[in-house]
Amino acid sequence: MDLSTAAWMFHDTRLILCCLLAIATIIVLISATKLPPFLSILIGTFIAGVGAGLPPEDVAKAFSKGAGAILGEAGIIIALGSMLGALMAESGAADRIASTLLGLGKGKSLPWVMALVAMVIGLPLFFEVGLVMMVPIIFVMARRSGQPLLKIAIPALAGMTTLHALMPPHPGPLIAVSALHADLGLTMLLGFSIAVPAVILAGPLYGNWLSRRMHVEEPAELGALFSAPPKAPRQPSFGVSLLIILLPVLLMLGSTLAKVAMSPESSVALTLKFLGEPLVALGIAVMAAVIFLGWSNGMPREEVGGTLRKSLAPIAVLLLTIGAGGGLKQTLLDAGISQTISKVAEGAHMPYLLLAWLIAVALRQATGSATVATTTTAGILAPMMAGLAATQSSLVALAIGAGSVFFCHVNDAGFWMVREYFGLQLKQTIWVWSILQSIVSLVGLAGTLLWWHWLT
């Protein structure tokens, strides 16, 4: 072994150990010392970055860059979603949708209805967008039905995150399909066949089991915001209420259609792509809610404006925490964690599906980003997959997507969104989110292995 190889091995080992130490520090600071998550993640980031050999000023720059990137991407979406949720609550739209859904599914069938609704809403939406849209419905449904919050929330979370991992047109599966030259239609068909059992196991079944063992109260501030009694003189109809919440879904579906079936430079395609941008789609939905849920139903303009303003205060801590998670992710990326895991993966000799899943798992654990995990894994495997049949390429792409959501933890923005939205402790968030994601990931791996055995 020459000196350069030994130096790289030392660097890689130190980087992995520093990453593990940072995560352990964050968990201890939050759970034992009760420091706010934002401050705990900031401390953990400096432990990881400086320990891995980055100068302190570079760690600070990486943290600021990562925090700004994630807040620029998700922060405004969360703010718009909070506005939309508050308007739906105070106009009575959330109550109208909840009443109709309660009529469709009562008692034991209600979690199954929530899983189905979340799958429909989550099909074209980024997880963060789907979550901010579903939270007010979840709170009202739990309160109106008298069922435990987790029994309603977990099926909705499972429906959205499973499609995010396994179904194009979500970015992760699309990136893998493109890099591996897999067939998009076949990947969607196989992905749906795996997603359904994953949602069933991680959603209604796991939610029913966990809700009997873990009692979670509705968080005070957000619960009051999203479950406020209607203030509009007239309650909107079910059709209008449903159209407002589905408006971003329809706009983003239009964008997907434009990308798949239209000439990229046509005026219609460009318009649909613009309207389907998450920021634009949610912004249009908020304005539609202002007009059709607020003003049209007799809410004074001052009251509508007050509702929009007060919806922002409860999410301040959430935004800071998500930003800190983005800073930790960027610091680890700048330190070279992706390259370290790539080198380990290139020397591994194992079946394609298991290799794809394990690389994606390792990268997600280290970076907290499903997109980074998917892109890097697909890039590593693409040269090895050149001769695979279309079915095999599709299954490898799905295995990567499944691995990219395994046991998401403190460096994941979704982890902190779930924690803050539902008022959970750190240990509870692991049970509600990390374990749920792991069930989806393992079912995804099992599904791809079964299809590989049957079809190849």
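**Briefing: pocket, aromatic pair and selected residues**

Tyr206 has a relative accessibility of 7%, so this residue counts as buried (buried is under 20% relative accessible area, exposed over 50%, partly exposed in between, with a 1.4 Å probe and protein chains only). The model is predicted, so local features need pLDDT of at least 70 and side-chain atom pairs count only at pLDDT 80 or more, while totals for chains, interfaces and linings use all residues. Residues are numbered from 1 along each chain as its sequence is written, and side-chain values use heavy atoms, with hydrogens and water left out.

**Aromatic residues**

- Tyr206 and Trp209 both belong to helix α9 (residues 184-211), where three residues, about one turn of the helix, separate them (helices are DSSP runs of H or I with at least four residues, strands are runs of E with at least two, and both are numbered from the N terminus).
- Trp209 is partly exposed, because its relative accessible area is 34%.
- Eight aromatic pairs turn up in a search of the whole structure (rings of Phe, Tyr and Trp, the last by its six-membered ring, pair if their centres lie within 6.5 Å; planes under 30 degrees apart count as stacked, over 60 as edge-to-face and the rest as tilted).
- The rings of Tyr206 and Trp209 are stacked, because their centres are 6.0 Å apart and their planes stand at 20°.
- Together with Trp431, Tyr206 and Trp209 make up one aromatic cluster.

**The largest pocket**

- The largest pocket holds about 690 Å³ of space (on a 1 Å grid over the protein atoms alone, a pocket is an open set of points with protein on both sides within 12 Å along at least five of seven lines, whereas a cavity is a set where a 1.4 Å probe fits but cannot get out; lining residues have an atom within 4 Å of a point). The volume is the space filled by probe spheres set on the points, which are joined across faces, edges and corners.
- Its lining has 37 residues, and Ile70, Glu73, Glu128, His164 and Thr371 are the closest to the centre.
- Helix α3 (residues 56-91) gives the most to this lining, with eight residues.
- By class, the lining has 16 nonpolar, 16 polar and five charged residues (Ala, Val, Leu, Ile, Met, Phe, Trp, Tyr, Cys and Pro count as nonpolar, Asp, Glu, Lys and Arg as charged, and the others, Gly among them, as polar).

- Thr161 sits in helix α7 (residues 149-166) and is buried, because its relative accessibility is 2%.
- Beyond neighbours within four places in sequence, Thr161 is in contact with Phe127, Trp433, Leu436, Gln437 and Val440 (contact means heavy atoms within 4.5 Å).
- Gln330 is part of helix α15 (residues 316-335) and counts as buried at 14% relative accessibility.
- With neighbours within four places in sequence set aside, Gln330 is in contact with Ala62, Lys65 and Gly66.
- Gln330 and Ser64 are 266 residues apart along the chain, and 8.8 Å separates their C-alpha atoms.

**Positive phi in two loops**

- Most residues other than glycine have a negative phi.
- Lys34, in the loop between α1 (3-31) and α2 (37-51), has a positive phi near 65° and counts as exposed at 59% relative accessibility.
- His181, in the loop between α8 (171-180) and α9, has a positive phi of about 55° and is exposed, with a relative accessible area of 70%.
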